[in-house]
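Please open the model in your viewer and keep the selection tool at hand. The tour below moves from one selection to the next and says what is there.

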Amino acid sequence: MSASATVAPPRPFLAPVRPKPSKPRFSTRAFLFLAIALVLSELFCRFVIGLGDPPLFQADRTMEFLLQPSKTYYRFHNRFSVNRYSMRADDFPPQKSGHNELRVLVVGDSIVYGGVRLDQADIGTEILKRNLQQEFARPVVVGNASAKGWGPPDELEYLKRYGTLDADVVILELSSHDYEDAPQFAPLVGISPAYPDKKPFGALTDLFKTYVLPRYLRQGSAPAGVDMLPTNISIVPSQRNIAECSKAERELFSLARSNHAKVVLVQHLSAPELAGQYQPGYYVNQAIAKERSVPYVDDADELRTRMKSGESPFYEGDPLHLNRSGQEPLAHALQRAVHLALESN
C-alpha cells in the first residue's frame, strides 16, 4: 500500500429500521369522548325526557293483552299506576267499604286508558272520581278497566274474569270504530314496542326501540288495525267482526246487570264526527243500547264547547285521542252517564 493511500473511516453501526406501529382507528381519547356522550345521552333521556320506564303488558289468551298488575311507572315524568286488577287506577278492595260508598267501573279502550303523555291525576276517570266526591260528599271509587287497542270482546272478557267488583254503575265507553274492533290475537306483547313486557336496558335504548325505529325505519310497529283511528277503518267492514262486537256488547250489558250494576253507554266522538261526519258504528252501538234498554250519552257537547273556547281537545294529527284539555270534557260526559244510570230502573 502506498503512503499516499487513505484509509476509509469505519462505517457507523446502523440499527435496523423498524416500521412505525400503525395508530389505532380510535384513540383512547375518542373512546372516552364516546363513553361520555353515551352517558350524557342516557341521563338526558332518563331525567330530562323521562324515558326508560314504560308501562308493561302481558299477553292473554282471551283478551289479547292487559297491563301487568300492581306496578307504578313514571313516563315523561307522568305517574302511571296500575292496580291489582290491571286497571289504570289506585288499588281498592273487591267489595265496597260500606253502603255509603259509590263505586263506578269504566270499561273502555285507549280513550279511557289515557296514554303515557298524561299524568294519572289528569285522566278522565280520576277527574270523574274527584267530581263525584265533591258532588255527593261520600266515598267514591272509580275503576278504569281499559287498554289501548281493546274492542268490545276484550272488554267483555275482562268483566268475565274480574266481575264488576261491586260496582253500582258500569260505564261502557265506545268509539264508532269499535263496532268492528274484533280481537286479532296478533303477536304484539314483547314484540311491538308499543306493548313491552319487560323494562328496557336503558332510557337511550327505550328511545330508539320505541320511537326512532318504528317511526323512521318502520321496525316493530303494530300491525294495521290495532288501536286504529277513524281514518284507517276498512272501506268494506267485516260483517263477521261487526257481529262479534255486537254480540259482545249485548253480553256485557247483561253481565253487568246480572251483577246488580246499572249499565250505561258513553260514545266518544272523533274530530270528523264533531264536524258532522258521523261513522256507521256510532249508530250501530246506539241501536244495541236501545235494543237492550241501556241509556246512552256521547261527549259531543262537551268536546264542541271546548273547541269553541279555542282549545283543541285532541292531540295534533290525531283525530281520536284526547289530550290533557280533552280529559275534563270526557269526565263531564262520564259524570252525566253516572246520573243517567242512577236515575234509570
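Does Glu 64 count as buried or exposed? Glu 64 counts as buried, because its relative accessibility is 11%, where buried means under 20% relative accessible area, exposed means over 50% and partly exposed lies in between, with a 1.4 Å probe and protein chains only.

Before the next selection, please note that this is a predicted model, in which local features need pLDDT of at least 70 and side-chain atom pairs count only at pLDDT 80 or more, while totals for chains, interfaces and linings use all residues. Residues are numbered from 1 along each chain as its sequence is written, and side-chain values use heavy atoms, with hydrogens and water left out.

Stay on Glu 64, which is placed in strand E2 (residues 64–67); strands (E, at least two residues) and helices (H or I, at least four residues) are DSSP runs, numbered from the N terminus. Although Glu 64 is not a glycine, it has a positive phi of about 70°. Most residues other than glycine have a negative phi.

Select Ala 137 next, in the loop between helix H3 (124–136) and strand E6 (140–146). Ala 137 is not a glycine either, yet its phi is positive, at about 50°, and with 66% relative accessibility Ala 137 counts as exposed.

Now turn to the salt bridges, each being a side-chain nitrogen of Lys or Arg within 4 Å of a carboxyl oxygen of Asp or Glu. The structure holds 18 salt bridges. Select Asp 168 and Lys 96, whose side chains meet in one of them, at 2.9 Å from N to O. Asp 168 lies in the loop between helix H4 (152–162) and strand E7 (169–175), and Lys 96 in the loop between strand E4 (78–82) and strand E5 (102–108), so the pair ties together parts that are 72 residues apart in sequence. Asp 168 is partly exposed at 22%, and Lys 96 is partly exposed at 22%.

Finally, select Arg 336 and Glu 302, a salt bridge whose closest N and O atoms are 2.8 Å apart. This pair links distant parts of the chain, with Arg 336 in helix H10 (residues 324–343) and Glu 302 in helix H9 (residues 300–308), 34 residues apart. Arg 336 is partly exposed at 35%, whereas Glu 302 is buried at 13%.
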